[in-house]
Amino acid sequence: MSTTAEPGVAEPAATGVHERFTALAERQIELGEVRGAAAADPVNLPMIRHWTAAMGDANPVYTDAAFAGASVHGEIVAPPAMAQVWTMPGLGGGKGGTSPVDELMVALDEDGFTGVVATNCEQTYHRYARLGERLVPATRMTGLAGPKTTALGVGYFVTWLVTWYSEDEPVAEMMFRVLKFRPREEKAAPEERTRYPLRPAVNRDTAFFWEGVQEGELRIQKCGDCGELRHPPGPVCPSCRSANRVYAVASGLGEVYSFVVHHNPPVPGIETPFVVAVIALPEGIRVVGNVVECSPEKVGIGMPVRVEYREMDDELTLPMWVPRES
Ligand code: ZN
């Protein structure tokens, strides 16, 4: 490789980068399907049991040998949606082997397209996997599209297809697409109040809630017939099917029921990390919101919180949750 740029004559960097990505993608697509490392473990009952428990799938055909034996399968089978589980390398990376996508991902990272967000995932199941089968993934890079301007920043969509084989028989496949983007730089305009980037979708079902927030009230939708509370708001009562809607005003107290700490991808205009929590209200329903005024390490399940209304910009007020004494 040699560089021929004369001093002071800048090469159109963006074009060069784009051509490099395109050439790399074409080369990877030509490789066709590349087999990866076989699953660390054969399809097995303990992993199925953990997965179905986590997913809340109680179908006995996955865990009960007697039931499965009498079913059309004649034996225990794995949930098809577990396909990817068997060959996940785990947090340590493991000996996952290389895939035709790796090189392109590294090249995108190196050029500053460090953000990543999954945009599409479509799975196709050919048959159920059975206990003892050791699945092998094979990856085929199928496309690169970009550069595209998105809300997150300029980026490239990278698409690939993974097929899981048992011996030479395909069991399942998955089309996966990610957006690799260059995180947008935050604008330095301290005097100007920036528009908060995450805005709620207000419609006829949810308008009463946002009007409540403006008034400093946490309004919870209530069935006008059976009186059941529900959240998020919807057009029909799930209990009695009544479309008659009113609302109750909640106390504004709650407890953290569950939460995540968001580190990546970067959200333009919002400082990371931030906490997104499911708040259990004493009224018996749960709402999603941010926990603020508390470092993420201090947030815990069961932590008592209360709602506060924050003006995010000139037009938007959002309910936020802050710690309180229990
Ligand atoms: Zn009802």
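The buried residues of helix H5 (residues 207-215) are covered in part by strand S6 (219-223), strand S8 (245-249), strand S12 (304-311) and strand S13 (317-323), contact meaning heavy atoms within 4.5 Å. Helices (H or I, at least four residues) and strands (E, at least two) are DSSP runs, numbered from the N terminus. The model is predicted: local features need pLDDT of at least 70 and side-chain atom pairs count only at pLDDT 80 or more, while totals for chains, interfaces and linings use all residues. Residues are numbered from 1 along each chain as its sequence is written, and side-chain values use heavy atoms, with hydrogens and water left out.

Within H5, Phe-208, Phe-209, Trp-210, Gly-212 and Val-213 are buried; buried denotes under 20% relative accessible area, exposed over 50%, and partly exposed in between (1.4 Å probe, protein chains only). Gly-216, which follows H5, has a positive phi near 80°.

The zinc ion is coordinated by the SG atoms of Cys-223, Cys-226, Cys-237 and Cys-240 at 2.3 to 2.4 Å. Donors are N, O and S atoms within 2.8 Å of the metal (3.2 Å for Na, K and Ca); water is not among the atoms, so sites may look incomplete. Angles of 103 to 117° among the 4 donor atoms make the site tetrahedral, a class that requires four donors with all angles between 85 and 135 degrees. The spacing of the donor residues in sequence is C-x2-C-x10-C-x2-C. Cys-226 lies in the loop between S6 and strand S7 (229-230) and Cys-237 in the loop between S7 and S8, so this pair ties together parts 11 residues apart in sequence. Cys-226 is partly exposed, with a relative accessible area of 42%, whereas Cys-237 is buried, at 1%.

Conventions. Tetrahedral: all angles 85-135°; square planar, octahedral: opposite > 155°, others 65-115°.
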